[in-house]
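Please read the points below alongside the model.

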Amino acid sequence: MTATGRQGETVHVTRKSRAFARRWLPLCSLVFLVALLTGCQLDTAQSTTVIAGTHNAEVWNSYRVIFWLAGLVFVVVMLLTLWISIRFRERPGVSAQQIHGNTKLEVLWTLIPVAIVVVMAVPTITSIQREAQGPPADAIKVIAIGHQWWFEFQYPDLKINTANELHIPVNKPIAFEIRSNDVIHSFWVPQLAGKIDMMPGHVNSIWFAGTVARPEPYLGQCAELCGLSHANMRFRVFVDTPEDFNSWAQKVKSATPAPSDSLARQGQEVFQRSACIGCHTIQGTTAAGIVGPNLTLLGQRTTIASGTIPNTADNLFRWINNSAAIKPGSLMPPMGQSAGGALSDDEIRAVSAYLLSLK
Ligand SMILES: [Cu+2]
């Protein structure tokens, strides 16, 4: 091929690639942008980058160093790759260049990653050491127990046992003893702390203080596949002001259920003579079962069914009637006659009113 021929061919190839870029670049950019935005979420309820607890703050210290370093590595490597691909590419009259055995370069790109790993290791190791020191002596002890598929919370010093909705006072360290009653679960409140496995036959521990008090709860959930309703195993953490926490704890401890209206009274009577009391405890009554969640002050909780549906009369009716229709695999047998249980619709409505009256 002659020199002119090669030149003409080059011009032709350049034109073709420009046309190709003009045609596809906008579309590719759009696809990339859409893919990028699908990762965005305005609802940050389960974002670990919203820091509302001491444990998350500790993790965030290491995370942001690693994140920005990884970002820097990405950008530098991409730019270098691009520059090298263009600068040393094969062109008419110029063959592609390869570099072999450049000792200076080899040493340089070995030392840089080592330095990066050292920089990442420092905050990581110091965080691990601080966490390993354990909770301060004045921490409130809470035993968190995973069940298929709900969370039990015991405050042994305060003599409180509750389920699925945890209350803690702001800026007060809480020392958790993490256990499981059946299979492996995982305790995780993205904005506060975790994840930490809840294992049968083994006690794990974690401690943190909630640093931002607010009326809305922090969402928590099981983070270890634990069976059919794993996705329905959620809980809520209320970080209260010290006054709110004390009045909540006082209320739970001194709960003496006395239904005021006749429907709730009828519900209490149905509850007491049914299978309910074999599994559930309601403080101040003869119901003392420990298989299912403790229902003391259930009327105060915002949700039922392990944090999956709002605590309303209609939802309580649906739950008691046939819990497995809401939470597949639920270990609570269907209570409604329509689902093979012993209670009529009226009786379930009365029990719902009774449970809602427990405030
Ligand atoms: Cu799970």
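The numbered points cover the basis of the model, its domains, a surface patch, the aromatic rings, the salt bridges and two further residues.

1. Basis. This is a predicted model, in which local features need pLDDT of at least 70 and side-chain atom pairs count only at pLDDT 80 or more, while totals for chains, interfaces and linings use all residues. Residues are numbered from 1 along each chain as its sequence is written, and side-chain values use heavy atoms, with hydrogens and water left out.

2. Domains. The assignment lists domain 1 (12-36), domain 2 (42-253) and domain 3 (262-356); such bounds come from an automatic or database domain assignment. Taken over C-alpha atoms, the centres of domain 1 and domain 3 are 60 Å apart.

3. Surface patch. Val73, Phe74, Val75, Val77, Met78 and Leu79 make up a nonpolar surface patch with about 540 Å² of accessible area together. Patch members have over 30% relative accessible area and no salt bridge; nonpolar side chains (Val, Leu, Ile, Met, Phe, Trp, Tyr) are joined within 5 Å, like charges within 9 Å. Areas come from the Shrake-Rupley method with a 1.4 Å probe, and for residues only the protein chains shown count as cover. Leu79 belongs to helix α2 (residues 54-87); helices (H or I, at least four residues) and strands (E, at least two) are DSSP runs, numbered from the N terminus. With a relative accessible area of 54%, Leu79 is exposed, where exposed means over 50%, buried under 20% and partly exposed in between (1.4 Å probe, protein chains only).

4. Aromatic rings. The whole structure holds 14 aromatic pairs. One of them joins Phe176 and Phe187, a tilted pair at 5.1 Å centre to centre and 45 degrees between the planes. Phe176 is in strand β5 (residues 174-180) and Phe187 in strand β6 (residues 185-189), 11 residues apart. Rings of Phe, Tyr and Trp (its six-membered ring) pair if their centres lie within 6.5 Å; planes under 30 degrees apart count as stacked, over 60 as edge-to-face and the rest as tilted. Phe176 is buried at 2% relative accessible area, and Phe187 is buried at 0%.

5. Salt bridges. The count is 8, a salt bridge being a side-chain nitrogen of Lys or Arg within 4 Å of a carboxyl oxygen of Asp or Glu. Arg273 bridges Glu269 at 2.8 Å between the closest N and O atoms; both lie in helix α5 (residues 262-273), 4 residues apart, about one turn of the helix. Arg273 also forms a salt bridge with Glu347, with the closest N and O atoms 3.1 Å apart. Arg273 is in helix α5 and Glu347 in helix α8, so this pair ties together parts 74 residues apart in sequence. Glu347 is buried at 17%, whereas Glu269 is partly exposed at 42%.

6. Arg234. Arg234 lies in strand β10 (residues 234-240) and is partly exposed at 32%. Its C-alpha is 5.1 Å from that of Gly307, 73 residues away in sequence. Beyond four places in sequence, Arg234 has contacts (heavy atoms within 4.5 Å) that include Phe151, Ser306, Gly307 and Thr308.

7. Phe245. Is Phe245 buried or exposed? Phe245 is buried, with a relative accessible area of 4%, and sits in helix α4 (residues 242-253). Among its contacts beyond four places in sequence are Ile140, Tyr155 and His167.
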